[in-house]
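Please find below a short note for a first reading of this structure.

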Amino acid sequence: MPISTFRLRKATDADIGFLTHVLLISNQERYGKHPGWDADDFCRAMTDDTSAQIAGNVPDSMTYVITHDDADVGRLRLVTTTAVIEIAGLQVLPKHQNRGLGTAVINFVLERAARSGIPVELEVESDNPDARRLYERLGFSGVGEPAGGRQKMVCRTDSGATRNRV
């Protein structure tokens with residue numbers, strides 16, 4: 001059954017462990033294929049990054065816990081300026097994926113951006129074709145050449161692109 005409802009809750013220090021866990025679980029399979037990748041190092045770095053985000057040490061950044069049916073199921077980080085909303089991180093626990101939750105969250109962000117008349121940007125990793133297909137289906141297009149294993153994508157919300165998304 002597709003997920004149509006979710007809630008975003010502003011992350012607090014009490015959420016750092018969960019948010020780090022979501023980052024690890026949602027990336028471990030892909031990152032584990034990279035030579036020299038270490039899960040413990042990754043967790044330490046992500047704990048530090050998440051702590052800085054929640055403490056307000058990253059300009060214009062807000063980190064949220066995604067909840068569904070009163071359970072914490074994912075993470076969303078947005079960097080919002082007057083010119084753009086950047087989806088700087090969207091991860092959903094694997095057992096909650098492929099049920100429309102990511103689509104619902106992205107559509108929420110696109111609608112928010114459309115009300116402000118600004119585009120939504122993100123970067124997708126080259127080794128994550130499932131995410132790229134999702135973003136393209138929702139109206140994102142690649143911008144420029146991929147760099148560092150990542151492709152910048154943008155969805156221009158002022159062109160009516162946010163209407164009638166599936």
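**Notes on the sheet and the cores**

1. Strands β2 (residues 61-68) and β3 (residues 71-80) run antiparallel and are joined by eight bridges. Opposite Met-62 stands Leu-78 in β3. Strands (E, at least two residues) and helices (H or I, at least four residues) are DSSP runs, numbered from the N terminus. Two strands pair if DSSP finds at least two bridges between them.

2. This is a predicted model, in which local features need pLDDT of at least 70 and side-chain atom pairs count only at pLDDT 80 or more, while totals for chains, interfaces and linings use all residues. Residues are numbered from 1 along each chain as its sequence is written, and side-chain values use heavy atoms, with hydrogens and water left out.

3. The order β1-β2-β3-β4-β5-β7-β6 describes an open sheet of seven strands with mixed pairing. Its edge strands, β1 (7-10) and β6 (141-147), each pair on one side only.

4. The largest nonpolar core has 25 residues; among those that touch the most other members are Leu-76, Ile-106 and Tyr-135. Such a core is a set of buried Ala, Val, Leu, Ile, Met, Phe, Trp, Tyr and Cys residues joined through side-chain atoms within 4.5 Å; buried means under 20% relative accessible area (1.4 Å probe, protein chains only). Helix α3 (101-116) is one of the elements that give two or more residues to this core, and its six residues are the largest share.

5. A second, separate core of eight residues includes Phe-18, Leu-19, Ile-54 and Leu-93.

Terms used. Buried means under 20% relative accessible area, exposed over 50%, partly exposed in between (1.4 Å probe, protein chains only).
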